[in-house]
Amino acid sequence: MILIRCPWCGQRDAGEFHYSGETTPRPDPASATAQEWRDYLYFPANPRGQVTETWYHRMGCRKFFTLQRDTDTNESRPVGGPQ
Amino acid sequence: VQPFLAPVIVSGSLHVYVSQTDRGELVFGASVDPFTSYSMRGSLEFIEGLAGHVLELMPALSKVRVLRQWAGLCDMTPDFSPVMGPTPVGGFLVDVGWGTYGFKAGPVSGEAMARCIADGRAPEIIEAFGLGRFGAGELVGEKGAAAVGH
């Protein structure tokens with residue numbers, strides 16, 4: 001079983017969460033070019049190793065939070081938040 | 001198990017496919033992890049969920065025992081469809097990104113790629129799967145084809 005620590009609710013089964021992808025800065029809608037939007041939407045870095053991601057605790061507190069995860073071992077820890 | 005299943009059965013709503021080898025073993029295909037991962041490990045949750053879906057499709061298999069499970073890397077593209085055809089590099093063609101349905105679509109994709117190589121351009125059937133579609137914003141709505149994992 002893969003466990004993920006929600007910064008508000010603590011350690012929970014990964015099935016409670018929704019993965020929202022790598023945390024990357026959203027382009028400014030007022031000035032972004034089509035290419036910048038495409039890079040943002042379709043071209044994540046997809047590294048093997050440490051990655052900073054956004055997850056959503058859909059079956060818990062329903063908050064979005066930042067998670068630092070190793071995509072090789074699935075070990076992870078939340079970044080920020082109370083815990 | 002005595003051979004009883006000649007075709008591959010795929011269920012889009014159950015996210016499962018069932019195939020039988022000539023030796024009688026049943027092969028169940030499943031889904032991808034719901035997040036990016038390179039771990040290539042199976043898990044109890046995964047096999048439990050898959051077994052549940054198989055039994056919804058074929059309840060008679062409830063006494064069958066599991067021999068093994070394995071996991072690999074699924075090369076998923078942003079629209080879950082493969083990338084096929086020429087690239088900006090002359091003489092370098094790709095047929096990649098098959099994600100969860102490569103071995104079902106392999107034969108026909110081979111035929112299309114052979115045609116592509118012979119003619120020097122993509123045949124109509126694979127035109128929409130070109131590498132340039134991501135830059136052009138023309139993604140393929142192909143989720144129904146694989147029927148699993150999306």
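Colleague: Does B:M40 count as buried, partly exposed or exposed, and what is its relative accessibility?

Modeller: B:M40 counts as partly exposed, because its relative accessibility is 39%. Keep in mind that this is a predicted model.

Colleague: Where is B:M40 found?

Modeller: In the loop between β3 and α1 of chain B. B:M40 has a positive phi of about 55 degrees, although it is not a glycine.

Colleague: What about B:H15, what is its phi?

Modeller: Positive as well, about 55 degrees, and B:H15 is not a glycine either. B:H15 sits in the loop between β1 and β2 of chain B. Its relative accessible area is 30%, so B:H15 is partly exposed.

Colleague: Over how many bridges do β2 and β3 of chain B pair?

Modeller: Four, in the antiparallel sense. Strand β2 of chain B covers residues 16-20. To find one bridge on screen, look at B:V18, whose partner in β3(B) is B:F28.

Colleague: Now the inside. How many residues does the largest nonpolar core have?

Modeller: It has 11 residues, including B:W98, B:Y101, B:F129 and B:V140. Helix α2 of chain B, residues 102-119, gives the largest share of this core, four residues. Another core of 10 residues lies apart from it, with B:L5, B:L26, B:A30 and B:L61 among them.

Colleague: Why would such residues gather like that?

Modeller: In soluble globular proteins, nonpolar side chains tend to be buried together.

Colleague: Pick one member for me. What does B:M84 touch?

Modeller: Leaving out residues up to four places away in sequence, the contacts of B:M84 include B:W98, B:M113, B:I126 and B:F129. B:M84 also touches B:V94, B:D95, B:S109 and B:G130.

Colleague: Switching to chain A. How many helices and strands are there?

Modeller: One helix and six strands. From the N terminus on, the elements run β-β-β-α-β-β-β. Chain A has 83 residues, and 31% of them count as buried. Its C-alpha trace spans about 40 × 25 × 20 Å along its principal axes.

Colleague: What is the mean pLDDT of chain A?

Modeller: The mean is 93, and 99% of the residues reach 70 or more. Among the elements of chain A, strand β4 (residues 50-56) has the highest mean, 97. Helix α1 (residues 34-42) has the lowest, 87.

Colleague: In which order do the strands of the chain A sheet lie?

Modeller: Four strands form an open sheet, in the order β3-β4-β5-β6, with antiparallel pairing. The edge strands are β3 (18-22) and β6 of chain A, and each pairs on one side only. Neighbouring strands are turned by 35 degrees on average, direction ignored.

Colleague: What do β5(A) and β6(A) form?

Modeller: A hairpin, with five residues between them. In the turn, A:N74 has a positive phi of about 65 degrees. The two strands, residues 64-70 and 76-79, pair over four bridges. A:T66 stands opposite A:V79, and the bridge partner of A:Q68 is A:R77.

Colleague: Last topic, the interface. How many residues does the contact take from each chain?

Modeller: 15 residues from chain A and 14 residues from chain B. The area buried between the chains is about 1300 Å², and carbon and sulfur atoms give 54% of that.

Colleague: Which residues of chain A lose the most area to chain B?

Modeller: A:Y19, A:Y42 and A:R48. Together they make up 36% of what that side buries.

Key:
Residues are numbered from 1 along each chain as its sequence is written. Chains are lettered from A and ligands numbered from 1 in the order in which they are written. This is a predicted model: local features need pLDDT of at least 70, side-chain atom pairs count only at pLDDT 80 or more; totals for chains, interfaces and linings use all residues. Side-chain values use heavy atoms; hydrogens and water are left out. pLDDT is the predictor's confidence in each residue, from 0 to 100. A nonpolar core is a set of buried Ala, Val, Leu, Ile, Met, Phe, Trp, Tyr and Cys residues joined through side-chain atoms within 4.5 Å. Buried means under 20% relative accessible area, exposed over 50%, partly exposed in between (1.4 Å probe, protein chains only). Contact means heavy atoms within 4.5 Å. Two strands pair if DSSP finds at least two bridges between them. Buried area is the accessible area (1.4 Å probe) that two parts lose on being put together, summed over both. Axes are lines fitted to C-alpha atoms, for helices over the stretch in contact, and angles run from 0 to 180 degrees between N-to-C directions.
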